[in-house]
Amino acid sequence: MITSAPSTDILIVGGGMVGGVLAHALVQAGWRVTVLEGAAPGESPSFDARLTALSEASWRYLDALGLVDASTAAHAQAIEEVRVVDAGHFGMTRITRANNHGVALGEVIANRQIEQALIQARRALPPGALDWRQPARYLGHALAADGQSVCVRFLQDGIEQQQSTRLLVAADGAHSPVRAQTGATVQHQPYGQTAIVCTARPERPHQGTGFECFTRGGPLAVLPAPAGRVSLVWVNRDEDIPALMALSDEAYAARLNQLFRARLGRLTELTARSAYPLNLVTVQELTAPRLVILGNAAHALHPVAGQGFNLCLRDVRDLVDSLRADRGVPVDPGAAERLSHYTALRAADYRRTIGLTDRLVKGFSLDLPGAGLLRGALLSALDGVRPIKNRLVRLTRGI
Ligand SMILES: Cc1cc2nc3c(=O)[nH]c(=O)nc-3n(C[C@H](O)[C@H](O)[C@H](O)COP(=O)(O)OP(=O)(O)OC[C@H]3O[C@@H](n4cnc5c(N)ncnc54)[C@H](O)[C@@H]3O)c2cc1C
């Protein structure tokens, strides 16, 4: 037997980082929203032990949505400076507050802290404003015969249920089951690299400085984290991962420090390492009738420039803006013209951010003789060339 829930304006599949923020923004804009999150509370892969570097613009956006309360702000670390270096070669470029009109370049915050902020914000909503279902697993969807709604099937408490919605949003991550059902064209490009992530305590205070260090296997990001710690994201070739994961904490810290020239002194108190295989996943069609694909379901990027979630938040902002009422005239959230407006808004940002991230990965992973010297020269040159450096600053700031 299939039971039916009352119809809704917008149904979001995926209550991770993107679905969670989107739900909040849409409820604030006056929509009736349902979220289906497949993982049990506390088990969403979105809110694992990682930390996320948010650009200044993303942080301001979360703040404007009311998601940065005193506790969230106290658990974030401001990025005062970013240094880009090439391991073993000369050359460095540096972006500081001074390049950013005296404002911090962004904030680093634990994904679990973002989850806490979202849970707090949900508790503060008026009763019935948001129908948050968890665990509730999406099973499939079908457009109604009159084209005016989509019927979504899902499994909750062992019972198959359905709900009709005027707009279905796929925020269900890089392996998106909703996207798979639309038959959208997906480009899947493996980088042959995996990111190993953990945190550590450095001997010397990081003073808000982040480092992006290009190494033979891939980039190493050392991000300033709250409570005097650092977040370490080291990208390596897939074949080198088992050996690196098997190292003791001391041996792993020593390897990092060798590359990083111990700029912050010894690294101790390492947390457990997690590995993330890296692919570039993009989708050709962002929309289908009464359906939008966004967040990692639309674009999963290499973490080299820390742009993935920042790009996702701009998806959220542009979708909410595209659905806004026009001079008080009621809006159908699934209307084709609204969805094509959204697609048009996103095109340039996708080209720029996805293109630049991909070029950075390829440019800095080259292992040919002399490539390191070239990169060093490039970084030094970059440091002195204002227009290029300004572009880097704008990318870092998320604008
Ligand atoms: C190592 C690493 C470091 C990163 N660092 C940064 C950074 O510093 N800055 C930055 O901007 N970005 C960063 N990113 C990118 C960022 O993590 C992602 O862009 C972001 O997590 C995408 O969120 P999402 O909600 O779209 O997808 P996901 O996080 O994948 O969430 C999808 C959600 O959908 C749910 N779901 C899946 N299937 C179903 C179903 N059938 N039914 C119901 N629910 C379902 C899942 O349980 C999950 O909760 C990093 C990524 C990696 C891998």
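Figure 1. Helices (H or I, at least four residues) and strands (E, at least two) are DSSP runs, numbered from the N terminus. This is a predicted model, in which local features need pLDDT of at least 70, side-chain atom pairs count only at pLDDT 80 or more, and totals for chains, interfaces and linings use all residues. Residues are numbered from 1 along each chain as its sequence is written. Of the 399 residues in the protein, 45% are buried. Here a residue is buried if 20 or more other C-beta atoms lie within 10 Å of its own, exposed if 12 or fewer, and partly exposed in between, with C-beta atoms placed from the backbone. Among contacts between residues at least 6 apart in sequence, 74% join residues at least 24 apart. Two residues are in contact if their C-beta atoms, placed from the backbone, lie within 7 Å.

**Figure 2. Helix H1 (residues 17-28) packs against helix H4 (residues 111-123).** Two packed helices are described by the angle between their axes and the distance between the axes. For H1 and H4, the angle is about 25° and the axes are 10 Å apart. Axes are lines fitted to C-alpha atoms, for helices over the stretch in contact, and angles run from 0 to 180 degrees between N-to-C directions. H1 and H4 are therefore roughly parallel to each other; angles under 35 degrees count as roughly parallel, over 145 as roughly antiparallel, 65 to 115 as roughly perpendicular and the rest as oblique. The crossing of H1 past H4 is left-handed. A crossing is left-handed if the near helix is turned anticlockwise from the far one by less than a right angle, and right-handed if clockwise. Look for Met-17, Gly-20 and His-24 in H1, which meet Asn-111, Ile-114, Leu-118 and Ala-121 in H4. By class, the contact of H1 with H4 has four nonpolar, three polar and no charged residues. Ala, Val, Leu, Ile, Met, Phe, Trp, Tyr, Cys and Pro count as nonpolar, Asp, Glu, Lys and Arg as charged, and the others, Gly among them, as polar.

**Figure 3. H1 also packs with helix H8 (residues 308-322).** Their axes lie 10 Å apart, at an angle of about 25°. That makes H1 roughly parallel to H8. H1 passes H8 in a right-handed crossing. On the H1 side the contact is made by Met-17, Val-18, Val-21, Leu-22, Ala-25 and Leu-26, and on the H8 side by Phe-309, Cys-312, Leu-313, Val-316 and Val-320. The contact of H1 with H8 holds 11 nonpolar, no polar and no charged residues.

**Figure 4. Three strands form an open sheet in the order S3-S7-S4, with antiparallel pairing.** Strands S3 (51-55) and S4 (77-79) stand at the edges with a single partner strand each, so one side of each is left without a neighbour in the sheet. From one strand to the next, the twist averages 30°. S3 and strand S7 (residues 106-110) run antiparallel and are joined by five bridges; two strands pair if DSSP finds at least two bridges between them.

**Figure 5. Strand S14 (residues 219-224) is mostly covered, with six of its six residues buried.** In a regular strand the side chains alternate between the two faces of the sheet. In S14, Pro-219, Ala-221 and Leu-223 point one way, while Leu-220, Val-222 and Pro-224 point the other way, and all are buried. Strand S13 (residues 209-214) pairs with S14 in the antiparallel sense over four bridges, and Phe-214 stands opposite Pro-219 in S14. The hairpin of S13 and S14 has four residues between the strands, and Gly-218 takes a positive phi near 160° there. S14 is also joined to strand S15 (residues 230-237) by five bridges, and the two run antiparallel. Ala-221 has Val-233 in S15 as its bridge partner.

**Figure 6. Asp-131 has its place in strand S8 (residues 130-133).** Asp-131 is partly exposed, with 17 other C-beta atoms within 10 Å. Not counting residues up to four places away in sequence, Asp-131 touches Thr-8 and Thr-34. The C-alpha atoms of Asp-131 and Leu-36 are separated by 8.7 Å, and the two residues are 95 residues apart along the chain.
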